[in-house]
Amino acid sequence: MSGGSSSLGNVSRISALIVDDDPVIRKLHSAMLKSLGIQFQLAVNGKEAVDLYRSGANIHIVFMDMEMPVMNGMEATKELRAMGVSSIIVGVSSRCSDEEREEFISAGLDHCYAKPLTVAKIKSLLEGIKY
Amino acid sequence: MDRNHLLRQVAYMKNSLFDQGYLDREQFTQLEELQDDANPNFVEEIVTLYYNDSARLIQNMEQTLVNRPIDFVRLEEILHQFKGSSSSIGAKKVNDACTQLKEYCSAENTEGCSRTLQLVKQEHAVLRTRLETYFQMVREAG
């Protein structure tokens, strides 16, 4: 693992996946990752995210929306964990109730944040990713 | 009109949008911070994307209120997505109107939903006009 003065290390080796059916959120979070020099892919629903992993994608961190058509974030997170995926999965949702948040976390998330994310929040999540 | 004057006008217009509650200062500033040489028109692009996508969501919400029986669950789902998008660009008054609509939706109050959806549409349209003028000024300032 590379070290160096930056806690993010060699960020160009980090790969991310943004899973959201909202094109505005996808564009916003893409721009944030781009500003941090992170490579990323996009999926418009949970099924696309699962299919990416099945096709062998190597992803360090997933930003998973909760509500999406075809396969929502909870279902996708459960599926990925059942497949043995150990990537960091960050739930991103505008659902505010503790109950909804807890239900999403219990699906297998590492973290859950309100959308939209901020660059600072993403940066803190990326620190310490081992690759 | 010299560039400095135009830049001052741009700043004035932006501060007016914040002070009058149309835009959330923190969120809109975050959009501007993502704009750079590689993405010189990012703010205008994401706002344009928002208006293109949100028109569809508003239409879908209107349709739910026309159908009988009214599917308030579906209305809330669409509203939820619309509110998420609106938050992303810092559309503060739009979001406030959405909060009101959500309350009427939860109460399954048809008349309240119809009335507040009109308010959402109104705030959505007013912000669009204000932002179009703002971006025009930004382009003129160079």
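Which backbone oxygen does the side chain of A:Ser15 reach?

Analyst: In this predicted model, the side chain of A:Ser15 reaches the backbone oxygen of A:Asn58, at 2.6 Å. A:Ser15 belongs to strand S1 of chain A. The residue has a relative accessible area of 15% and, because this is under the 20% cut-off, it counts as buried. Leaving aside residues up to four places away in sequence, A:Ser15 touches A:Gln39, A:Asn58, A:Ile59, A:His60 and A:Ile61.

The strand that holds A:Ser15 is part of a sheet. Five strands of chain A form this open sheet, in the order S2-S1-S3-S4-S5, with parallel pairing. Strand S2 (39-43) and strand S5 (111-114) of chain A each have a single partner strand and stand at the edges, so one side of each is left without a neighbour in the sheet. On average, and with direction ignored, neighbouring strands of the sheet are turned by 20° against each other.

Helix H1 (residues 23-35) of chain A touches strand S1 (15-19), the strand of A:Ser15, together with S2, strand S3 (61-65) and S4 of chain A. The direction of helix H1 of chain A makes about 170° with that of S2(A). Helix H4 (residues 98-106) of chain A lies across S3, S4 and S5 of chain A and runs at about 145° to S5(A).

The contact between chain A and chain B takes 18 residues from chain A and 19 residues from chain B. About 1,600 Å² is buried between chain A and chain B, and carbon and sulfur atoms give 62% of this area. One salt bridge is found across the interface of chain A and chain B: A:Lys27 forms it with B:Glu45, and the closest N and O atoms are 3.1 Å apart. Three residue pairs in polar contact, both residues at pLDDT 80 or more, are also found across this interface. H1(A) provides nine residues, the largest share of the side of chain A that touches chain B.

Methods:
Residues numbered from 1 in each chain as written. Chains lettered and ligands numbered in written order. Predicted model: local features only at pLDDT ≥ 70, side-chain atom pairs only at ≥ 80, totals over all residues. Heavy atoms only, no water. Pairing = 2+ DSSP bridges. Helix = DSSP H or I, 4+ residues; strand = E, 2+ residues; numbered from the N terminus. Axes fitted to C-alpha atoms, helices over the stretch in contact; angles between N-to-C directions. Contact = heavy atoms within 4.5 Å. Buried < 20%, exposed > 50% of the residue type's maximum accessible area, 1.4 Å probe, protein only. Polar contact = N/O pair within 3.5 Å; in protein donor to acceptor, adjacent residues only side chain to side chain. Buried area = accessible area lost by both parts, 1.4 Å probe. Salt bridge = Lys/Arg side-chain N within 4 Å of Asp/Glu carboxyl O.
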